[in-house]
Structures are given as C-alpha cells and as structure tokens.
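Visitor: I'm new to this one. Could you walk me through it?

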Amino acid sequence: MVDLHKQYLRIKDEVNTAIQTVLDDCAFINGPQTGEFARELAGYLNIPHVIPCANGTDALQIALTGLGLKAGDEVIVPAFTYAAAVEVILLLGMTPVLVDVDPATFNIDAKQVEQTISSRTKAIVVVHLFGQCCDMERIMGVASKYNLFVIEDNAQSLGATYTFSDKSVKYAGTMGHIATTSFFPTKPLGCYGDGGAMMTADSALAERVRKIANHGQERKYHHQIIGCNSRLDTLQAAILQVKLKYIDSFTEARRQVAHHYDEAFRECRHIVTPVKPSYTSHIYHQYTLKVNNDKRNALQAYLEGKGIPSKVYYPMAIQEQAAFRVLVRTTQPIREATRLSRCVLSLPVHTEMTQDEQARIIDAVRRYE
Ligand SMILES: Cc1ncc(COP(=O)(O)O)c(C=O)c1O
C-alpha cells in the first residue's frame, strides 16, 4: 500500500546525516531536535504550540486529560473511524457517544452532532479521516453553542486545509481547542518508529499537556499533577525534521495518483470514487472507493489474485466491535458507518508510485466485472 523503502532511498542522505548527528551527540531523549521539530511543525501549521509525545493514541489521552475531562463525562465520536479515540475515552472512564458519518465523505455527519448532546456531554472528538477535513465550521458552531471542547484527531490529514465561509483557510489540526496527530511510519508525516504530537493555540492548555506527558512535572522530581511518560525520542524528531521539508511535495505526489484514479474510474459502474466537498482540500492519506452491489470482497480477492494490494479501512463500525459494543452510547441507528464497513476498499496511494504501477492497478480495476 505504501513504499517506505523507496521513499527512504530518495531522502537517504539527509536522513542518515540527521540520524548520525543524534548518534554523535547521544542526546537520545529530549535532545535539541525534538524541540526544533516541534517549532518547525508549529511554523508549518501556523499554530503557537506543538507538544510532541510518544504516539497518536497517547496524544488523544493526554489531550482529553489536559482539558479536564472526567470519568462520567460524555464525548461525541464518529462511528466509522480508527478506534484509538474510543479506546482512550473508555480508558478514562468516560462514555463515547457515537455519531454516524456522512457516506459521501466518510467523516462525522456534522448535521447529526447536535441531536446527540446531553447534559453530560463535554467534548466532541472529530477525526479528519483519510486525508480530508470534517465540516469544522458547523462543528465549531455547535460546540460553541453548547460550550463543548473540540479535539481534532488529525493522524490522517496533516497538511489538509479547511476553507471557512468567510474564505479564511486553516490547516487541519488548528481549528479545535486542541488537536492530536500520529507520526506512525505510514502516516502523512511519518517517522521510523512511533511518534505523536498535540497542537493548540491555548498556552495554558499547552503547558498542562506538556506537563502531563512528562510525569506531571516541570522541574525534575517535582510532580505537580498525575502524568505519564510519553516522549518523542530525538532520533524520530531528527527524521521528522527532514520529512517535514517534503510534506507538501509528498502530498502533491499522492494527489497526482488520486487524480489518475479519479479520471480512470469515472465510468466504472461498480465503484464510487472519493468525494471532496468544497470546504476541504484532500491529501489522500487513503484513496478509498465504495464498491457497490456487495462486490467489495470479490474485487479485493480479484486484485489480490493479480498481486495488487488493497485494504479495508475499516471492516467494522465502532458499535460492532466486541470491546466497545456494550459501552458506547448511541442516540439513533448507525446505518451509514455500518454500510461503509461493508463496501469500502482502499487502493495503494503513496509518494513513490510509478506510472506503470498506477496503470496496472487502473487496468485491473477497470477490467473487473
Ligand atoms: C485516526 C487515528 N487516530 C489515532 C491513531 C493512533 O496513532 P498511533 O498509532 O500513533 O497511536 C491512528 C493510527 O493509526 C489513526 O489513524
């Protein structure tokens, strides 16, 4: 689905130099590259604070804790997503309240959020899925009406932008009260191990989450609040400094592939290509088709037979998962998320795809009957 090795070869000299510098300094934890990278990413996103941590799941847990959310609170989440947000909400003793998704964009259906709010609702976690933004203007409007926090899970859409109705443009991850991301190797900005970060414009919140990620201390051995240990190590930060320079060109490379797919599949009767609303750009972390007429599994098997990889993100909606089934709250039937789990199929899309590779995939999909 991605070719990390080929991508590494392209930036090998820079990455190797960055790694060697860290090895020479032996400042493996909290070395200068970690802070430098955080400032560079903050500059790219145009947000005052980026607080690195160990992975995207920790980022969500620390963000929710930093906002002061407590056991018993309700947090709204989409029903069709990676499970990390649901998991941490439950680990913190809170209740995830599921909202169905818009079947066109795969993102939380902003129109349905308001109906799920109760007196216990404290926050909304939006997930910018597959590379494009949720309808943030509407979501921020509902949040401000009901005084709710908005946490943007931006693990999949770093670099995507949202255009508000007044034409102002913001990056995904800079619109809510706090955002989180993951630097898992295959993510839009990926390191060579685990990594994550939080971003916020709120200085007090930034200090709180920074403290939580550092055992609740600002000064060593002076623990002011209960925290945890969640660090982005220096080697990963040094690699991310290199890769951040390429983020826009990598996005452009994926967009080119997506554009070819869009054009090539226009006439295919079994499949629906990704829909991009005008308020968001798309960075194509995934290129996800909807396959009609219960043919998804057959198409996947057919592609596999031709040596073409494809993946189902995600094969079950959240309320169908054994771990969450009885713990989540729903206020209405979750139809679209369930339907999507039966019909979505993601094709390879990455920065190193050759014209030949694309042509082979396109040809195979188009021949499928
Ligand atoms: C939407 C989303 N949120 C959170 C995460 C968790 O990130 P990590 O694997 O770094 O903990 C992921 C990773 O797959 C993700 O896709």
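Visitor: Is Thr-288 buried or exposed?
Guide: This is a predicted model, where local features need pLDDT of at least 70, side-chain atom pairs count only at pLDDT 80 or more, and totals for chains, interfaces and linings use all residues. Residues are numbered from 1 along each chain as its sequence is written, and side-chain values use heavy atoms, with hydrogens and water left out. Buried means under 20% relative accessible area, exposed over 50%, partly exposed in between (1.4 Å probe, protein chains only). Thr-288 has 2% relative accessibility, so the word for Thr-288 is buried.

Visitor: Which residue of β13 is the bridge partner of Thr-288?
Guide: Thr-288 sits in strand β11, residues 287-291; strands (E, at least two residues) and helices (H or I, at least four) are DSSP runs, numbered from the N terminus. Two strands pair if DSSP finds at least two bridges between them, and β11 and β13 pair in the antiparallel sense over 4 bridges. In β13, the partner facing Thr-288 is Ser-346.

Visitor: What is the length of the polar contact between the side chains of Thr-288 and Ser-346?
Guide: A polar contact is a pair of N or O atoms within 3.5 Å; within protein, one must be able to donate a hydrogen and the other to accept it, and residues adjacent in sequence count only if both atoms are side-chain atoms. Ser-346 is buried, and together with Val-344 it points one way from β13 (residues 344-347). The two side chains, of Thr-288 and Ser-346, are joined at 2.8 Å.

Visitor: What is the strand order in the open sheet of 8 strands?
Guide: The pairing is mixed. β1 (49-53) and β12 (329-330) are the edge strands, each pairing on one side only. Reading across, the order is β1-β9-β8-β5-β4-β2-β3-β12.

Visitor: How many residues of strand β3 are buried?
Guide: Strand β2 (residues 74-78) runs parallel to β3, joined by 5 bridges. From β3, Thr-95, Val-97 and Val-99 point one way and Pro-96 and Leu-98 the other, and all are buried. That strand, residues 95-99, is largely enclosed by the rest of the structure, so the count is 5 of the 5.

Visitor: At about what angle does helix α8 lie to β1?
Guide: β1 runs antiparallel to β9 (residues 196-200), with 5 bridges between them. Helix α8 (residues 203-213) packs on the sheet and touches β1, β8 (178-182) and β9; contact means heavy atoms within 4.5 Å. Axes are lines fitted to C-alpha atoms, for helices over the stretch in contact, and angles run from 0 to 180 degrees between N-to-C directions. For α8 and β1 that gives about 10°.

Visitor: What distance separates the C-alpha atoms of Phe-164 and Glu-137?
Guide: Phe-164 is in the loop between β6 (161-163) and β7 (169-171). Leaving out residues up to four places away in sequence, Phe-164 touches Glu-137, Lys-170 and Met-175. Phe-164 and Glu-137 are 27 residues apart along the chain, and their C-alpha atoms are separated by 6.4 Å.
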